[in-house]
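Subject: Structure handover

Hello,

Here is the structure I promised. Please open it next to this email. My notes come after it.

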Amino acid sequence: MASKKKDGGRGQRDLKVKVKTARGRKTSSTRWLQRQLNDPYVAEAKRQGLRSRSAFKLMQMDDQHGFLTPGASVVDLGAAPGGWSEVAAKRVHSVEGEGKVVAIDIHDIEPIAGVTFLHADFYDEDAPDRLKEALGGPADVVMSDMAAHATGHRKTDHLKIIALCEIALDFACDVLKPGGVFVAKVLQGGTEHELLAQMRQFFRSVSHVKPDASRADSAELYVLAKDFRGGGEA
Ligand SMILES: C[S@@+](CC[C@H](N)C(=O)[O-])C[C@H]1O[C@@H](n2cnc3c(N)ncnc32)[C@H](O)[C@@H]1O
């Protein structure tokens, strides 16, 4: 599941389930349903009882870069339905009381063992302080899979996700320990390069990552910033 080879680079050619258009269902919904039914990561997430197929994206990034270490303190921004939080809790051993996972989302989630969840908007004025209070100290990792509801207008969606990434970066620079890691979702399309340049001021290593589980036809990308220099807001 973790590699393109196993995934086989499955595309339209290998579709197993065809979904007929039904009255009242938009073509885009039919396309979405067909993609879900034929997505090997959706099937595997279901088989493993994971909350989201997104969980594989975090697993793959961490398998490659090893930032979710036992005992680490992690903040998960935009956590619902909880796939990333579950992966983080397992890998940092928060259930065993070694590490810590603090998560936030506008949408509520089913409780996760080893995760402190705040049901709130990250844009709320008091959200950063509430997260800090729940953390009880500096963080090793701040990760953001936050995504605003897509409008379908490429430029608007891009600006919205960059804005989310910017406030997440701001927060990361406030709470990370020196040496800490920041990982956040962005969309390909231009200004993410400016964001990257900004991140380089605060982190010694900054790169783009596209995990195999991130759909090849999606503009989604992650920025992975490692080795926080410490001291200062973005
Ligand atoms: C792609 S989903 C996250 C999936 C999650 N990583 C998982 O594995 O289950 C993006 C989430 O970002 C959340 N989100 C978007 N804007 C937000 C905000 N301002 N504050 C908190 N959460 C936000 C959405 O509610 C949505 O649940």
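Below is what was found, from the whole fold down to single residues.

**Ground rules**

This is a predicted model: local features need pLDDT of at least 70, side-chain atom pairs count only at pLDDT 80 or more, and totals for chains, interfaces and linings use all residues. Residues are numbered from 1 along each chain as its sequence is written.

**Overall fold**

The protein has 8 helices and 7 strands. Helices (H or I, at least four residues) and strands (E, at least two) are DSSP runs, numbered from the N terminus. Of its 234 residues, 35% count as buried. Buried means 20 or more other C-beta atoms within 10 Å of a residue's own; exposed means 12 or fewer; partly exposed is in between; C-beta atoms are placed from the backbone. Take the contacts between residues at least 6 apart in sequence: 65% of them join residues at least 24 apart. A contact here means that two C-beta atoms, placed from the backbone, lie within 7 Å.

**The sheet**

The 7 strands form an open sheet with mixed pairing, in the order S3-S2-S1-S4-S5-S7-S6. Two strands pair if DSSP finds at least two bridges between them. Strand S3 (115–119) and strand S6 (203–209) are the edges, and each pairs on one side only. From one strand to the next, the twist averages 15°. For that angle, axes are lines fitted to C-alpha atoms (for helices over the stretch in contact), and angles run from 0 to 180 degrees between N-to-C directions.

Now strand S4 (residues 139–144). On one side, 4 bridges pair S4 with strand S1 (residues 73–77) in the parallel sense. Asp76 stands opposite Met143 in S4, and Leu77 stands opposite Ser144. S4 also runs parallel to strand S5 (residues 176–187), joined by 5 bridges. Val141 has Val181 in S5 as its bridge partner. S4 is largely enclosed by the rest of the structure, because 6 of its 6 residues are buried.

**The core**

The largest nonpolar core holds 59 residues. Such a core is a set of buried Ala, Val, Leu, Ile, Met, Phe, Trp, Tyr and Cys residues joined through C-beta atoms within 7 Å. Val74, Val141, Val142, Ala168, Ala172 and Phe182 touch the most other members. Helix H7 (residues 154–175) gives the largest share, 9 residues. Leaving aside neighbours within four places in sequence, Phe182 is in contact with Val142, Leu169, Ala172, Leu176, Phe203 and Ala225.

**The ligand site**

Which residues are closest to the ligand? Ser54, Gly78, Gly83, Phe122 and Asp145 are, in a shell of 23 residues. Helix H5 (83–92) and strand S2 (100–105) are the elements that give two or more residues to the shell. By class, the shell has 13 nonpolar, 6 polar and 4 charged residues. Ala, Val, Leu, Ile, Met, Phe, Trp, Tyr, Cys and Pro count as nonpolar; Asp, Glu, Lys and Arg as charged; the others, Gly among them, as polar.

Asp145 lies in the loop between S4 and H7. Asp145 is buried, with 24 other C-beta atoms within 10 Å. Its contacts, leaving aside neighbours within four places in sequence, are Ser54, Gly78, Trp84 and Lys185.

H5 is largely enclosed by the rest of the structure, because 9 of its 10 residues are buried. Among them are Gly83, Trp84 and Arg91. The cover over the buried residues of H5 includes helix H4 (55–65), S1, S2, S3 and S4.

**Backbone to check**

Most residues other than glycine have a negative phi, and most peptide bonds are trans. Some spots here depart from that.

- The peptide bond from Ala80 to Pro81 is cis, with omega near 5°. Pro81 lies in the loop between S1 and H5.
- His93 is partly exposed, with 17 C-beta neighbours inside 10 Å.
- Asp227 also has a positive phi of about 65°. Asp227 lies in strand S7 (residues 220–228) and is partly exposed, with 14 other C-beta atoms within 10 Å.

Best wishes

Terms used. Near = placed C-beta within 6 Å.
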